[in-house]
Amino acid sequence: MPGPDACARFRRLAMVGCLAALSACQTDLYTNLTERDANQIVAVLASSGISASRVVTSPSEVTVQVHQDDFARAIEVLDNRGLPRKSYATLSDVFAGDGFVVSPVEERARLVFAISEELSHTLSEIDGVLSARVHAVLPSEEVIGKPREAASASVFLRHVEGTDLRDMVPEIKILVANSIEGLHYDNVSVFLVQGMAEPVTKPQPPGPAAKKTPASLWAFAATLITVLFIGATLLLRVRRKADDGRSTGNALPAQAHFGVIAEARKTQEGVSG
């Protein structure tokens with residue numbers, strides 16, 4: 001018969017099964033996130049009434065999960081908030097030593113891309129900015145007899161609804177102009193686009209099926225735990241009865257032996273008398 005250790009293992013497996021049943025409706029929203037991005041996503045979803053959880057998949061990567069019924073709305077809410085944040089390439093990333101000899105044209109293209117990424121990253125740190133992109137155009141090498149083209153840049157900023165960045169446009173143009181060699185203030189264009197703070201589709205009240213789903217899961221888990229607990233209790237009782245039966249069986253031969261001795265003594269006393 002199974003012993004107490006087996007019953008304990010049985011109960012642990014039952015609890016694991018219940019937890020698996022309860023988490024079956026969770027789905028991955030975003031993976032390979034940093035801890036900061038994951039915390040920010042969970043906080044934004046919580047402020048919108050969406051429950052989310054973090055799962056650490058590695059020391060440097062976190063996965064955010066939501067209920068499958070909230071998946072579409074969670075994507076919409078995060079997109080309107082510019083989350084997760086775009087990762088920008090740095091100069092060291094673009095000009096990492098790869099062992100290959102690059103042409104002047106390729107090296108120039110890398111430089112333009114690196115400058116654009118660095119500026120985009122800087123502008124995205126402005127309060128109220130959801131996303132930022134900078135497109136820089138640097139003049140080509142000067143050709144004899146042909147006037148040199150002027151450098152130019154275009155800045156695209158998507159900001160939170162209700163945030164007015166128009167007063168910051170001059171400072172943004174100065175920042176970009178001073179970051180690119182040969183770029184003049186008047187050749188920087190800034191485009192401001194207002195994002196939406198709330199999702200377009202308002203959350204609908206859950207239907208009858210959605211309302212029943214969490215309750216049915218909890219009822220199933222409670223029933224399963226109860227059945228398994230009763231089963232483990234019955235197994236322990238059966239084992240105890242079996243042990244008691246074996247103890248009683250072992251005691252019977254000893255009792256019979258003492259009875260035989262007592263009868264022999266009585267017979268001996270009768271003969272003597």
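**A guided reading of the predicted chain**

Of the 273 residues in the protein chain, 25% are buried, where buried means under 20% relative accessible area, exposed means over 50%, and partly exposed lies in between (1.4 Å probe, protein chains only). The model is predicted, so local features need pLDDT of at least 70 and side-chain atom pairs count only at pLDDT 80 or more, while totals for chains, interfaces and linings use all residues. Residues are numbered from 1 along each chain as its sequence is written, and side-chain values use heavy atoms, with hydrogens and water left out.

The accessible surface of the protein chain comes to about 18300 Å², and 59% of this surface belongs to carbon and sulfur atoms. Accessible areas come from the Shrake-Rupley method with a 1.4 Å probe, and for residues only the protein chains shown count as cover.

The protein chain has seven helices and six strands. Helices (H or I, at least four residues) and strands (E, at least two) are DSSP runs, numbered from the N terminus. Read from the N terminus on, the order of elements is α-β-α-β-β-α-α-α-β-β-α-β-α. Among contacts in the protein chain with a separation of 6 or more, 68% are between residues 24 or more positions apart; a contact here means heavy atoms within 4.5 Å.

Two helix pairs may be considered next. Two packed helices are described by the angle between their axes and the distance between the axes. The axes are lines fitted to C-alpha atoms, for helices over the stretch in contact, and the angles run from 0 to 180 degrees between N-to-C directions. Angles under 35 degrees count as roughly parallel, over 145 as roughly antiparallel, 65 to 115 as roughly perpendicular, and the rest as oblique.

Ile41, Val44 and Leu45 of H2 meet Ala74, Val77 and Leu78 of H3. By class, this contact of H2 with H3 has six nonpolar, no polar and no charged residues. In this classification Ala, Val, Leu, Ile, Met, Phe, Trp, Tyr, Cys and Pro count as nonpolar, Asp, Glu, Lys and Arg as charged, and the others, Gly among them, as polar.

The second pair is formed by helix H5 (residues 104-124) and helix H6 (residues 169-179), which pack at an angle of about 155° with their axes 11 Å apart. H5 is therefore roughly antiparallel to H6. The crossing of H5 and H6 is right-handed; a crossing is right-handed if the near helix is turned clockwise from the far one by less than a right angle, and left-handed if anticlockwise. Leu119, Thr122 and Leu123 of H5 make the contact with Ile172, Leu175, Val176 and Ser179 of H6. The residues of this contact between H5 and H6 comprise five nonpolar, two polar and no charged.

Strand E1 (residues 26-33) includes Gln26. With 29% relative accessibility, Gln26 counts as partly exposed. Leaving aside neighbours within four places in sequence, Gln26 is in contact with Ser53, Gln65, Val66 and His67. Gln26 and Phe71 are 45 residues apart along the chain, and their C-alpha atoms are separated by 9.3 Å.

Asn32 also lies in strand E1, and at 53% relative accessibility Asn32 counts as exposed. Thr63, in strand E3 (residues 61-67), counts as buried at 5% relative accessibility. Not counting residues up to four places away in sequence, Thr63 touches Asp28, Tyr30, Thr31, Asn32, Ser53, Arg54, Val55 and Thr57.

Two backbone features deserve attention. Most residues other than glycine have a negative phi, and most peptide bonds are trans. Asn32 has a positive phi of about 55° although it is not a glycine. The peptide bond from Leu83 to Pro84 is cis, with omega near -5°, and Pro84 is found in the loop between H3 and helix H4 (91-94).

Beyond neighbours within four places in sequence, Ala151 is in contact with Val137, Leu138, Pro139, Glu181, Gly182, Leu183 and Asn187. Leu138 is placed in the loop between strand E4 (129-137) and E5. With the same exclusion of sequence neighbours, Leu138 is in contact with Arg108, Val112, Ala151 and Ile180.
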